[in-house]
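Subject: Structure handover

Hello,

Here is the structure we talked about. Please open it alongside this email.

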Amino acid sequence: MGLVQSFGISRSGLQVERLRMDVVSNNIANINSTRQANGAAGPYQRQMLTIAAQSGGPSFSTVMGQQGGDAPPGGVTAASITNDPTPGRRVYDPGNPDADPTGYVIYPNIDLTVEMADMMGAGRSYQANATALNAIKNMAQAALGIGH
Amino acid sequence: MIALPAIGAASALPALSLVPGGSASALAPAAGAGGGPNFGSMLSDVLGQLSNTEKNTTNLITRAAAGDNVDIHDVMIATQTEGLAFNTAVQVRNKLVEAYQQVMQMQM
């Protein structure tokens, strides 16, 4: 596996963690959004990122013409961004333009503590991927020092 | 007992023509007895890959500096990859030149 492919594994991790951070930032920014982006009815729904592992190509056994075997490491990819269907909290505010006929306004189902925990998790995972990348680079530099 | 120096180096350069007198211009690619890749094409291959990497990296850095939608980690990974490719090319050159010099110093 070449150096570019090895970097590609950590690079995919960095990209996914950046996307996860973007989703968390979007949730925090929309914590009081009573309307959706496309003008549909209802408040902003909390978004969740689904992360899936990625295959690095056919496994060694498959290339050799046999069944089975695990694929080489291929990093990670973002599978989808889905909405959290949990209903949001209801606040009694009849004067609000987005109030329903009973006078309640429905705010997004975003809990700030949960988002903060996700944010810290994404930040630490990003740092861990950067550390792995540095370790791969150090290995390559150690290889360049062979023979000195 | 004279130990033959750099047997491995001699086999890595099968196409090196040993011109008596040993001038630097004798490093001409010739059809080697082993039939392997010659020295000139090896070095030019390495330099070609290096220039490709460098083109991609400068393109990425320019876009990042202009404020395009480029991730910072992509720029850093590209610069590190280019640095490693450059160091590899330098090491390959060093080893090839060292092997050539050892072969040239052989007493005939």
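First, the ground rules. This is a predicted model, in which local features need pLDDT of at least 70, side-chain atom pairs count only at pLDDT 80 or more, and totals for chains, interfaces and linings use all residues. Residues are numbered from 1 along each chain as its sequence is written, chains are lettered from A and ligands numbered from 1 in the order in which they are written, and side-chain values use heavy atoms, with hydrogens and water left out.

The interface

Chain B touches chain A through 11 residues, which meet 16 residues of chain A. Contact here means heavy atoms within 4.5 Å. About 1200 Å² is buried between the two chains, and carbon and sulfur atoms give 64% of that. Of the area that chain B buries against chain A, 47% comes from B:His73, B:Ile77 and B:Leu84, more than from any other three residues. Buried area is the accessible area (1.4 Å probe) that two parts lose on being put together, summed over both.

Two salt bridges link chain B and chain A. A salt bridge is a side-chain nitrogen of Lys or Arg within 4 Å of a carboxyl oxygen of Asp or Glu. A:Arg18 pairs with B:Asp71 in a salt bridge, with the closest N and O atoms 2.9 Å apart.

Two residues in helix 3 of chain B

B:Gln91 sits in helix 3 of chain B. Helices are DSSP runs (H or I, at least four residues), numbered from the N terminus. B:Gln91 counts as buried because its relative accessibility is 18%, the cut-offs being under 20% for buried, over 50% for exposed and partly exposed in between (1.4 Å probe, protein chains only). Leaving out residues up to four places away in sequence, B:Gln91 touches A:Leu144 and A:His148.

B:Glu82 is also in helix 3, which covers residues 72–104. B:Glu82 is partly exposed, at 22% relative accessible area. Beyond four places in sequence, the contacts of B:Glu82 are B:Leu50, B:Thr53, B:Glu54 and B:Thr57. B:Gln49 is 33 residues away along the chain, yet its C-alpha atom is 10.0 Å from that of B:Glu82.

A surface patch on chain A

A:Phe60 lies in helix 2 (residues 60–63) of chain A. A:Phe60 is exposed, with a relative accessible area of 62%. Together with A:Val63 and A:Met64, A:Phe60 forms a nonpolar surface patch of about 360 Å² accessible area.

Best wishes

Conventions:
Patches are made of residues with over 30% relative accessible area and no salt bridge: like charges are joined within 9 Å, nonpolar side chains (Val, Leu, Ile, Met, Phe, Trp, Tyr) within 5 Å. Accessible areas come from the Shrake-Rupley method with a 1.4 Å probe; for residues, only the protein chains shown count as cover.
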